[in-house]
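User: I have a model open and want to learn how to read it. Please take me through its features one at a time.

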Amino acid sequence: MNRLRVMLFMLCCLVAVLGGVPGDMRAVTGTAAQTESASETNPRAQAENEADLAGSAAATDIAVSYNGIVLTFNNPPFLLNSRLMLPLRDIAASLGAEVHWDRQTQTATVTRRDDTVALKVGKRTAVMNGQALMLDEPPVMMEGTVFVPARSFSEALGAVVSWNDSSRTVMIA
């Protein structure tokens, strides 16, 4: 199983290298603008997001697994203030949750079993089942994709998150 994980990770790295720098990674380094709709509707939010992302870095050497299976994402994860940020829809789907997006309020509502978590882009406080929940980092939007902190989001939905330093893998179960 470890051999399979290593091979999948190496394949993902190879694809990333051969494919060049995806648009989302340009946004991480500050060379690409936010989506048109976000900049048109809220220029202040765009400026705040760009300032927040100044301390971020690509997380190409970090793997994420759920119940022992290495996950792949449509948009690459990145580090923000030493926190791994994952694309919301991808990680929610992996955890068996549904996402509803309210473009007007920039709020994602995630439902899994009997739990509901409302996350607003740029706000560190989420609401889970009517109670305030502090996230490690606020959700951010880059090129139309909302990213959430891996640990606090996954744990909010009942998952257990651990780190394997030798394989540089975030393990979610």
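User: Over which residues does pLDDT stay under 50, with four contacts beyond four places in sequence?

Analyst: pLDDT is the predictor's confidence in each residue, from 0 to 100. A contact means heavy atoms within 4.5 Å. Here pLDDT stays under 50 over residues 43-48, and the model gives that stretch four contacts beyond four places in sequence. Where pLDDT is low, predicted coordinates should not be read in detail.

User: What is the average pLDDT of the protein?

Analyst: The average is 78, and 66% of the residues score at least 70. Over residues 4-41, pLDDT is below 50, with 50 contacts beyond near neighbours in sequence. This is a predicted model: local features need pLDDT of at least 70, side-chain atom pairs count only at pLDDT 80 or more, and totals for chains, interfaces and linings use all residues. Residues are numbered from 1 along each chain as its sequence is written, and side-chain values use heavy atoms, leaving out hydrogens and water.

User: How many helices and strands does the protein have?

Analyst: Helices (H or I, at least four residues) and strands (E, at least two) are DSSP runs, numbered from the N terminus. The protein has six helices and 14 strands.
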